[in-house]
Amino acid sequence: MGRPCVVLTQGMQALRQDRLEPRLYKKCGVRTMKRDLMLSCAAMRRRCGLAPAVIAALSAIVSLAGYCAPASAETRGYVISWFATATNNPDWAVNCPEAAKDPKNRDFTEHMEPDGFGDKALVNGKPAPPLDYPDALTIDPDVEAVVGKYAYGFDLGGREADKFIDPETHQKVDDQLWRAVGCTQNFRMTPPAMPYLEGQAWTAGYADNAPAWTMQISGADLNKDGPVTVTLDRALSHLERDALGGFRSDVTYVIDPSLRSHNVLTGEIKNGVLWVKSGSLWMEGTLPWYLQVDLQDTHMRMRSEPGGDLQGYWGGYTDWHIWAYMYTSRCIVADCVGTYRSLEKLADYDPDPVTGKNRKISVTWRMEAMPAFLATVDGKIVAPALSAALGGKLQPSWLPTGPTVASDGDARTGTKGGATR
Amino acid sequence: MNGNYSGRLSIVIAGVLPLVGVAALPSAVAAPTSSAAATEIATSLRLSPLQYKHTIADIFGDSIKIEGDFEPVQPVQGMQAIGERTSNITDSGLEAYDEIARGVTAQVVDPRHRAELIHCKPLSEMGRDDACARSFFARVGPLLYRRPLTEDEVQDRVQAAGMIADRLHDFYSGIHLSLAEMLISPEFLFRYKRMEPDPAHPGQERMDPYDKATELSYFLWDTTPDPQLLDAARSGSLNTRAGLDKQVNRLIGSPRVADAVRAFFSDMLGFSGFEAVSKDANSFPRYTPAIIAEAQEQTLRTIVDLVVNRHGDYRDLFTTPHTFLTRDMAALYGVPLVDTTDNGQPQRWLPYTYPPGDPRAGILSEASFTELWSPSGRSSATGRGKALQEQLLCKQIPPPPPNVSFFVVNDTTNPNLKTARARLAEHRANPVCAGCHRLMDPLGLALENFDSAGEYRTEENGAPIDATGELGGHKFYGPQGLSKAVYDDPAATNCVAQRAFAFETGYMPPTKDARWQQIQQKFVASHYDVLELLRAIAESDLSYSPPEPNALTAANR
C-alpha cells in the first residue's frame with residue numbers, strides 16, 4: 001500500500017464536516033469507504049479518474065500539504081503527553097469577583113437539587129430533569145463569566161468586546177469557552193495541573209488506555225525559521241509511563257492507518273516558535289475524556305523546551321455541544337447545567353441558519369508533546385525522536401534507514417526471527 | 001551444609017503438629033539415603049529458586065503457583081551455584097521453604113487439581129485411605145526425591161497422611177501436610193553427589209546413578225530428571241559411556257536446554273544482584289520496574305538466540321548486533337522499534353539488529369550489565385570493571401582496604417571533577433587504591449557512555465566523556481573497543497568454561513586436571529559453541545568424580 005493521498009485525507013475531513021464537494025464524493029466513492037480504509041495516491045487516481053495534476057491542484061485548493069507532498073528535509077516525531085482546556089488563573093478575584101466572594105456559589109450540583117432548578121426544566125409542559133434536558137431550563141443559571149483581561153489564545157476575528165489579552169503574546173485573542181467556564185472550581189487550576197474533570201479522565205482513564213495522539217513536524221531545517229508541515233494522527237497504542245508517573249519519551253508509536261484522525265496542517269517557525277494557522281482539525285478521543293476534539297480555523301503555537309518537549313496552545317472554534325458532552329457526561333463536582341447554558345450563551349461562531357444560535361465557540365487548549373519515534377504499520381519509521389535523552393541529536397547510525405518491524409522476521413537484516421512474547 | 005538442618009526442620013514440623021492435633025509424625029527428614037549402598041556424600045547443592053520452580057512445574061504442572069520468597073543466597077566466587085553449595089539454610093530460610101511447600105501442596109490437593117494429580121479416589125474424603133495415599137506417594141515420591149523411595153519412606157508418608165486425615169477428618173489434608181513435609185526434606189531441597197563403590201573397577205568409586213541423573217538434568221535442563229533419565233539410572237545404562245552419551249545427546253537436543261542456558265548465564269552474569277538494584281527515579285525516570293526484568297530478559301534472549309538457536313561462537317556475545325527489544329527497552333536505548341500489537345496488550349519481544357558501528361552491540365553495552373553494576377545515582381566504572389574481570393574473565397580482585405574514603409568518587413557535583421574519569425584519577429592518587437583500581441577502572445571507563453540506567457550519553461555534567469579503555473596493555477576506545485578486547489582475550493572463553501562446570505557441580509574445576517583440559521580442547525575445537533561445552537562437561541568423568549578437597553575449601557575462603 002502506498003502513501004495515503006492528501007485529497008482523500010481532505011475528503012475524509014471534509015466528509016466529517018459536510019464540506020466536501022458532492023461530485024468529488026461520488027466520483028471517489030468516499031461515501032462507501034470504510035472508516036479505516038487508506039488509499040494510495042495511485043489508487044486514488046484510479047478510483048477518482050483524476051490526473052496527478054488535478055490531485056495536486058485539489059491539494060492546493062484545500063491548502064494543506066500531505067503524504068503526496070515531497071518529503072521534507074527534516075521530520076521530528078512527537079506524542080501528545082498533556083492536553084486540556086487552557087486555564088489562566090493568576091488572580092481568582094480579578095477573573096471572577098463574585099466567585100471569589102463565595103467560592104461555593106454555583107458550584108457542584110445545586111441545579112439538580114430540589115431547591116435548585118429541579119423543577120425549572122419543562123418538556124411538553126411537564127417538569128423534566130435539567131441534566132437530561134438542559135435546553136429546557138426555563139431560567140438562566142447565570143454562571144459567572146470571566147471578566148479578567150487575560151487568557152491564552154489566538155485572534156480568531158471575534159468581537160472586539162469579547163477579546164482577552166494573551167499573557168505570552170500580548171495579542172488580543174478569542175476564548176469564549178474560557179470566559180464561560182473559567183469561574184467554576186473545576187478550572188481553578190494552573191498547569192501542570194489539568195482542569196479537574198479533564199485531568200481526572202486523562203489520568204484515570206485515557207492516558208494509560210486510549211491510543212495516543214502523534215505529531216510530525218517537517219521542514220527544511222527545524223532549527224531555523226521557515227515553513228513547516230504539522231501532521232497529526234492517532235497511534236495504535238497508549239502513552240507509556242516512566243518511573244515518576246510521567247510519560248516516557250523516545251517510545252515508538254505506530255500510526256493508526258485509519259484516516260479519521262489524520263490531519264495535515266501548514267505553518268511556519270518564526271523566532272523559534274512554531275505557528276500554525278490553517279484549516280480544520282479533527283482528532284478522535286475516547287470517553288471518559290474527549291470523545292473527539294474538533295477545531296475550525298485552527299491556530300497553534302508551540303515552542304521547544306530544553307529537554308526536547310514541545311509546549312504550546314491550540315485554538316480555534318469548536319462545537320460547544322461536543323465540549324459540553326465531554327464535561328457534563330460525568331457531572332460530578334460541577335455545575336453542569338449552568339455550564340451548558342453558559343457555553344450556549346457565550347458561543348460566538350457559526351450561527352444556526354434556523355435558530356440563529358451560534359453552534360461553535362472559540363476555545364484554547366494547552367498541550368505538551370514529547371519526542372517519539374513514529375512509524376507506519378508496515379514498519380517504516382516516518383519520524384525520529386529528538387530528545388535530550390539522545391544528547392539532543394540523533395546518532396547517525398540510529399537515523400531511520402528502513403523498516404524495522406519484524407513480525408515475520410527482521411526486515412532490517414533479512415534474518416528470520418519472528419516476534420516472540 | 002545440613003548438619004543442623006534436620007534439627008531445625010524438626011522444630012518447624014513440630015510447630016505444625018499441634019495445629020493438627022498430632023503428637024508426632026513419621027518424619028520425612030531422615031538423613032540422605034540412596035537406593036544403592038552410598039558410602040559418601042561428596043557435595044550437596046541446594047536447588048536454586050528457579051530450579052525449585054521448574055521442578056514443581058514438571059511434577060505437578062504449570063498451574064501450581066509458587067508463592068513466597070526464597071531465602072536469598074549470596075554468590076560465592078561470583079556464582080550463585082557455588083553459594084548454593086556452601087551456604088547454610090537459616091531458620092527463617094527454612095520457614096520460607098515450609099511456607100512455600102505448604103502453598104504448593106495445598107494447591108495439589110485442592111478441588112481444581114486433585115482429580116488430575118491424585119490418581120485415586122479415597123473411599124471417603126472424611127478420613128484416611130492408606131491404599132490411595134500409598135498409590136499417590138509411591139508415584140510422586142520418586143519424582144520428588146529423584147530416586148526410588150524405600151518401603152519405609154513410603155510407609156512413613158502413608159502413615160503421616162493417615163494420622164492427619166483421621167485427626168482432621170479430611171483425607172486431602174493428610175496428603176497435603178504429609179506431602180509438604182517431603183518438600184522441605186533435604187532429599188528434595190538438595191541434590192547430592194553420593195559416591196559408591198564401582199563394581200566394574202574394584203577399589204574405585206563412582207557416582208550414584210540417580211545422583212548422576214539429577215546432576216545431568218539440572219545442568220542441562222535446569223529441572224528434575226524426567227522418567228527416561230531416571231530409567232537410565234535404574235537400568236544402569238547411565239553408568240556406561242554409550243548410555244551417558246545417549247542421555248546427554250537427548251537432553252542437549254531438546255529445546256529445554258534453553259532453560260539451562262538461561263539459568264547458567266543468569267548466574268554467571270550475576271542477575272540475582274538485580275534484587276538489590278535501585279535507581280534514583282528523579283535522575284533516571286526511564287528506569288521503571290518493568291525495565292529491571294526486561295533488561296535481564298533482553299540479554300538472556302540474546303544469549304539463547306546466539307548460543308542455542310544459532311550454535312554461535314561464545315565470543316560473539318560481546319560484539320553481536322543482534323538482540324531483542326520491547327518498546328520500553330527501545331525507548332531506553334533511544335532506538336525505534338515498531339510493535340503493532342493491539343493497544344493494551346503486553347509488549348512483544350521483537351528481534352532488533354543494530355547498524356554497523358553502533359555502540360550498543362554486544363551484551364556488555366546492554367542495560368543488564370551497565371545498570372546492574374552501577375549504584376543508584378551514578379555510573380560506576382570501577383563496579384563495571386570489577387564485574388567484567390570477576391564474572392566474565394574469572395580474575396579475582398581483592399576487596400578494598402578498610403578505611404578508604406570514596407567521597408571523591410561519589411561526589412558527582414564537584415565542578416572540578418565532572419567526569420568519572422577525573423574523579424577516579426583523583427581517587428587513584430592514593431597509592432593504596434591505585435593497585436586494584438588499575439585492574440578495574442580502565443575497563444569500566446570504556447562504558448562511561450552508558451549512565452547508571454543504561455542510557456547512552458556523550459557528556460557528564462557538561463563535560464565530554466572520554467571512553468578510552470585498556471585491557472592487558474591493549475588500549476581501545478569505547479564500548480566497541482572494549483567488546484573487541486574481551487572477544488580477543490582467551491580468559492573470556494576459559495572463564496565461561498569454568499563457570500559452566502561450577503554451575504553443574506557447585507565448585508570450580510581443577511584446571512590442571514587432564515580431563516579438564518580435554519573439556520577445554522573440545523570447546524576450542526567447537527569454535528566456542530557453548531552447547532558443545534556443556535556436552536563436553538556432561539560427558540566428562542570429571543563431573544562425576546569427587547571434587548578435590550581444595551576445590552571445596554577454596555570457595556569457603
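**Notes on the predicted model**

1. Starting with a strand pairing in chain A: V254(A) has A375(A) as its bridge partner in β16(A). The model is a predicted one, so keep that in mind for everything below. Between β8(A) and strand β16 (residues 373–375) of chain A there are three bridges, and the two strands run parallel.

2. Zooming out from that pair, the sheet is an open one of three strands in chain A, ordered β8-β16-β17, and its pairing is mixed. The edge positions go to β8 (252–254) and β17 (381–383) of chain A; each has a single partner strand, so one side of each has no neighbour in the sheet. From one strand to the next, the twist averages 40 degrees.

3. Over to chain B, where the domain assignment lists domain 1 (5–21 + 33–194), domain 2 (282–297 + 312–488) and domain 3 (491–556). Taken over C-alpha atoms, the centres of domain 2 of chain B and domain 3 of chain B are 29 Å apart. Their contact draws on eight residues from domain 2 of chain B and ten residues from domain 3 of chain B. If you look at the side of domain 2 of chain B that touches domain 3 of chain B, you'll find five nonpolar, no polar and three charged residues.

4. Next, a helix pair in chain B: α23 (residues 514–525) and α24 (residues 530–539) have axes that come within 9 Å and cross at roughly 155 degrees. That angle is over 145, so α23(B) and α24(B) count as roughly antiparallel to each other. The crossing of α23(B) past α24(B) is right-handed. On the α23(B) side the contact uses I519(B), K522(B) and F523(B), while α24(B) brings in E532(B), L533(B), A536(B) and I537(B). By class, this contact has five nonpolar, no polar and two charged residues.

5. One more helix pair, again in chain B: α4 (residues 91–109) and α8 (residues 171–183) pack at about 145 degrees, with 8 Å between their axes. The crossing of α4(B) and α8(B) is right-handed. α4(B) contributes A101(B), R102(B), V104(B), T105(B), A106(B), V108(B) and V109(B) to the contact, and from α8(B) come Y172(B), I175(B), H176(B), L179(B), A180(B) and L183(B). Sorted by class, the contact of α4(B) with α8(B) holds ten nonpolar, two polar and one charged residues.

How values were computed: Residues numbered from 1 in each chain as written. Chains lettered and ligands numbered in written order. Predicted model: local features only at pLDDT ≥ 70, side-chain atom pairs only at ≥ 80, totals over all residues. Axes fitted to C-alpha atoms, helices over the stretch in contact; angles between N-to-C directions. Helix = DSSP H or I, 4+ residues; strand = E, 2+ residues; numbered from the N terminus. Parallel < 35°, antiparallel > 145°, perpendicular 65-115°, else oblique. Left-handed = near helix turned anticlockwise from the far one by under 90°. Contact = placed C-beta atoms within 7 Å. Nonpolar A, V, L, I, M, F, W, Y, C, P; charged D, E, K, R; others polar. Pairing = 2+ DSSP bridges. Domains from an automatic or database assignment.
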